[in-house]
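The sequence and structure come first.

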Amino acid sequence: MQVKIEDVARQAAVSTATVSRVLSGKPYVSDELRTRVMDAVRELNYRPSRVARSLRVQRSSILGLIVSDIQNPFFTSVVRAVEDTAYRHKHSVFLCNTDEDAEKETMYIELMIAERVAGVIISPTSSHNEAYERLVEAGVPVVAIDRRVTNVQIDSVVVDNVDASRNLVTHLIEQGHVRVGAVIGTTIHSTGEERLRGYLEALYTHGLSVRPELIRIGMPKIAMGHAMTGELLELADPPTAIFTGNNLLTIGALRAIHERGLRIPDDVALAAFDEMDWMFFVKPALTVVAQPTYDLGRTAVELLLQRMGQTDQPCQEVVLTPTLLIRESSMRRVAAVTA
């Protein structure tokens, strides 16, 4: 017996209008109601029948794109590449933003399944979410972008975070810094875990001790970068250089440094992961690892189109190489850097 929207509404003790708003991703629905509806959808295995969209030709032209933070300029650039490439292949893009919220991500994944999109490109909120498995089980081709997932075999496009971070921190060490602080995004994402690993490997390679007090890990947001950098700078023996793990953390770090009247690189050197347009206005110029963001988005669409045409092929992982750009913010300006 086919489950209807009325059944979901009855199970969740809400109106059919509320169920419709939740499934279409519309705002002004409380988190509590949204959770009840999505729980009912999963329990009843509800799959909407959309008569107006029932033609396969209509469905097959839509690609889903789920990003973790659309306010992050990195993802803005990726979205542009995905849209450009999809358009060239006569596909349109359905964009969703999770705000690094796993529950919101699950809601959008269920929506993608319900809408029967041709395929999904996703920047995961974590390395493991059962909703990723449901996408695959529903027969939806999937490509993970920027971050890996561990609980299901899918195609992915990432950058070599470990090598890039190791090179960036090695550069700081070669400038004479032995107290290098790290402000890194949460390690529930593969990007945060890998960038932390690169930082640690650089220390080990150069015989430097790992000092836990110099490492700060948190959500990759401006406010968190500001708070964590402030903590490092307030230490009795603060770092002489700081490595930031993404562009939003870098903005927060810059604010914390400037609030204290410190000079870059004289008082504290700074090297960052991500190159963004706004960085060209920062003085001194920032040393960065520049990610091939456009290539990430383009390659993800190309992989997805391949997967849509050859569903039985082995999964692929494409690893792109970022570029280290050394500029003034990390260059040694004093005669010696103290331990």
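Helices (H or I, at least four residues) and strands (E, at least two) are DSSP runs, numbered from the N terminus. The expected span of a helix is 1.5 Å times one less than its number of residues. The model is predicted: local features need pLDDT of at least 70, side-chain atom pairs count only at pLDDT 80 or more, and totals for chains, interfaces and linings use all residues. Residues are numbered from 1 along each chain as its sequence is written, and side-chain values use heavy atoms, without hydrogens and water.

Helix α12 (residues 293–309) has 17 residues and reaches 25 Å from its first C-alpha to its last, close to the 24 Å expected. Its buried residues (under 20% relative accessible area; exposed is over 50%, partly exposed in between; 1.4 Å probe, protein chains only) include L296, V301, L303 and R307. The buried residues of α12 pack (heavy atoms within 4.5 Å) against β1, α5, β3, β4, β5 and β11.

A salt bridge is a side-chain nitrogen of Lys or Arg within 4 Å of a carboxyl oxygen of Asp or Glu. The count comes to 22 salt bridges, among them these:

| Pair | N to O distance |
|---|---|
| R42 and D39 | 2.8 Å |
| D237 and R179 | 3.5 Å |
| E275 and R327 | 2.9 Å |

E275 lies in the loop between β9 and β10, and R327 in the segment after β12, 52 residues apart. R327 is partly exposed, at 23% relative accessibility. R42 and D39 are 3 residues apart in helix α3, about one helical turn. R179 is buried at 4%, whereas D237 is partly exposed at 38%.
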